[in-house]
Amino acid sequence: MTNTNNKGSKGYLISIVLVAVIGGLLFGYDTAVISGAEKGLQAFFMGAKDFIYTDFLHGITSSSALIGCVIGAAISGICASRMGRKKSLIMAGVFFFLSALGSYNPEFLFFPKGEPTFSLLVAFNLYRVLGGVGVGLASAICPMYIAEVAPSNLRGTLVSWNQFAIIFGQLVVYFVNFLILGDHIAPAIQKVAEGINQIMNPGEAQWMIETGWRYMFVSEAVPAGLFTVLLFLVPETPRYLAMTGKDDKALYILSKINGRTKAQEILSEIKATVTEKTEKLFTYGWLVIFVGIMLSVFQQAVGINAVLYFAPRIFESLGMGNPMMQTVLMGIVNITFTLVAIFTVEKWGRKPLLIWGSLGMALGAAGVAVTSVSAALPPVVAVISIMVYSASFMFSWGPICWVLISEIFPNTIRGAAVAIAVAFQWIFNFIVSSTFLPMYNMSLGSMGENFGHAFTYGLYGVICILAAVFVWKLVPETKGKTLEDMSKLWKK
C-alpha cells in the first residue's frame with residue numbers, strides 16, 4: 001500500500017476531520033437537549049401516582065446523562081487503546097442513537113404508554129445514562145482522533161473546530177427545541193407551601209407534558225445515525241496504526257495528508273516515541289497528569305455548563321419576555337466567539353487565550369453578581385454580563401482546554417491520561433450542574449433569592465481568577481510543537 005503524492009491533500013484531511021467533529025456536535029446536542037425538555041419532563045413525572053417527583057429527583061434526572069459521561073470518559077482510554085479510535089467512536093454513535101430512541105419512548109416493551117411511574121423514571125434515566133456514555137467517549141476520543149491525524153501547524157485550529165461543533169450542536173438543539181415548542185406553552189412549575197411542586201395551568205401546556213419533550217429527545221437520532229454511518233468511511237489514526245505495528249497503513253494515511261516525504265519523517269518520529277509501549281502513567285512525572293486534570297477541573301468549575309443547561313430558567317428569572325429566544329441568542333454569541341479561538345489559536349497561542357478568557361469571565365460573573373444585589377441596575381445589565389461571561393469562555397476555555405488535553409500528553413500515555421483528565425471534567429460537570437439550582441435559589445433575609453444569584457456568580461468569578469493564575473504559572477505553551485515533542489517537553 002503506497003502513496004506517491006508528495007504534497008498531501010488538505011481536502012482529504014478536512015473531510016475526515018468533518019466526520020470526527022460530528023461527534024462534537026452530538027456532544028453539545030445531547031448535553032443541551034435537556035434545557036428545553038426539562039420542564040415538560042418534570043410536569044410529566046409529577047403526574048405519577050406511586051411516588052412524589054421532587055426537585056431533588058428532577059435534579060438527578062436532568063443531570064443523569066452526566067453520570068454516563070463520567071463512565072464513558074473513564075473507559076475511553078481502554079477503548080481507544082484496545083479497539084482503536086475509530087471503532088470507539090462508532091460505538092459512541094450507536095449509544096447516541098439508542099439513547100435518543102429510548103428517551104423518546106422509555107415505555108418501549110415494558111411499560112404502558114404515557115403512564116408516569118417510578119419504574120418508568122428509572123428506565124428513562126438509564127437511556128439518558130447510555131447517551132452520556134456516548135458523550136463521554138466522544139468528548140475524549142474526538143479531539144484525540146483529530147489531533148492524531150492533523151499536521152502540527154494545523155492541529156490547534158482543527159481541534160478547535162471540535163469545540164465549534166459542540167457549541168453549534170447546542171445552538172442547533174436550542175433552535176430545534178424552540179421550533180418544537182412552537183405556539184405551545186411550556187408548563188409553569190411552582191413550589192407550594194409544603195415544598196412539593198405543582199403545575200400551573202396544566203391544560204394549556206398538556207401537549208408539552210405528554211409529547212413535546214419526547215420530540216426534543218428523539219430529534220438527536222438524525223445526527224447520531226449520520227455520524228455512525230460516516231465513521232465507516234474514515235481511516236484509523238496513523239499514530240494508533242503505528243503503535244499496533246501497522247506501519248504500511250500508517251504511512252499510507254500520513255502520505256495522503258502530508259505528502260510522501262513528510263509522512264516518512266513523521267512516521268519515524270512516531271516510531272521513536274512508541275517503542276516502549278509499556279510506559280506507565282507517571283513515566284513523565286506527576287506534573288503532566290496534574291496539569292491535564294486541573295485544565296478539566298477549571299473548565300467546569302468556572303460554571304459555564306450550569307448556565308448552558310439552565311439558560312431558559314435563568315433568563316426567565318431575570319424577567320426576559322421569551323427565555324428560549326434569549327437562549328438562542330446566547331447560542332449565536334457562543335458560536336461567534338468560538339470562531340475567534342479557531343482563527344487565533346495558532347497565531348496567539350494557547351496560554352494568552354486562556355488567561356484573557358478567564359479574566360473576561362470573571363468580569364461577566366461580577367456583573368451578574370452586582371446586578372443581583374443592586375436595584376439601581378436594570379436586568380438587561382445582567383443579561384449582557386451573562387453574554388460577556390459566556391463569550392469569554394467560548395474563545396478560551398471552551399476550545400483551548402480540549403486542544404491542550406489532546407496534545408500535551410506523550411504518545412505512550414495519551415490514551416490513559418486523556419481518559420483520566422476527561423473523567424475529572426465530567427465529574428466536575430456533574431458537581432457544578434447539580435449544585436447550581438440549590439445555590440442559585442438560596443435565600444437570605446430581605447435579599448431573598450437575590451443572595452443566591454449574587455453568591456453563585458461571585459463564586460464562579462473567584463474561580464475564574466484562580467484559573468488565570470494556574471495557566472500563567474503551570475501550563476506550558478504548545479503552539480507549533482509536534483505530538484512527539486511532548487515527550488521531550490515533559491522529560492525536562
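I started with helices α2 and α7, which pass each other in a left-handed crossing (left-handed if the near helix is turned anticlockwise from the far one by less than a right angle, right-handed if clockwise). I note that this is a predicted model, where local features need pLDDT of at least 70, side-chain atom pairs count only at pLDDT 80 or more, and totals for chains, interfaces and linings use all residues. Numbering runs from 1 along each chain as its sequence is written, and side-chain values use heavy atoms, with hydrogens and water left out.

Next I checked the α2/α7 geometry: the axes of α2 (residues 34–45) and α7 (residues 206–218) come within 8 Å and cross at roughly 145 degrees. Helices here are DSSP runs (H or I, at least four residues), numbered from the N terminus. Axes are lines fitted to C-alpha atoms over the stretch in contact, with angles from 0 to 180 degrees between N-to-C directions.

I then looked up α16 (residues 350–373) and α20 (residues 450–474), whose axes come within 8 Å and cross at roughly 165 degrees. That pair is therefore roughly antiparallel (over 145 degrees), and its crossing is left-handed too. Contacts (heavy atoms within 4.5 Å) include L354 of α16 and Y457 of α20 among the residues that meet.

Of its 150 residues, F45, L295, W397, F409, Y457 and F470 touch the most other members. Helix α5 (residues 118–149) gives the most to this core, 15 residues. Leaving aside neighbours within four places in sequence, I found L295 in contact with L354, W397, C401, L404, I408, F470 and V475.

Terms used
Helix = DSSP H or I, 4+ residues; strand = E, 2+ residues; numbered from the N terminus. Parallel < 35°, antiparallel > 145°, perpendicular 65-115°, else oblique. Core = buried A, V, L, I, M, F, W, Y, C linked by side-chain atoms within 4.5 Å. Buried < 20%, exposed > 50% of the residue type's maximum accessible area, 1.4 Å probe, protein only.
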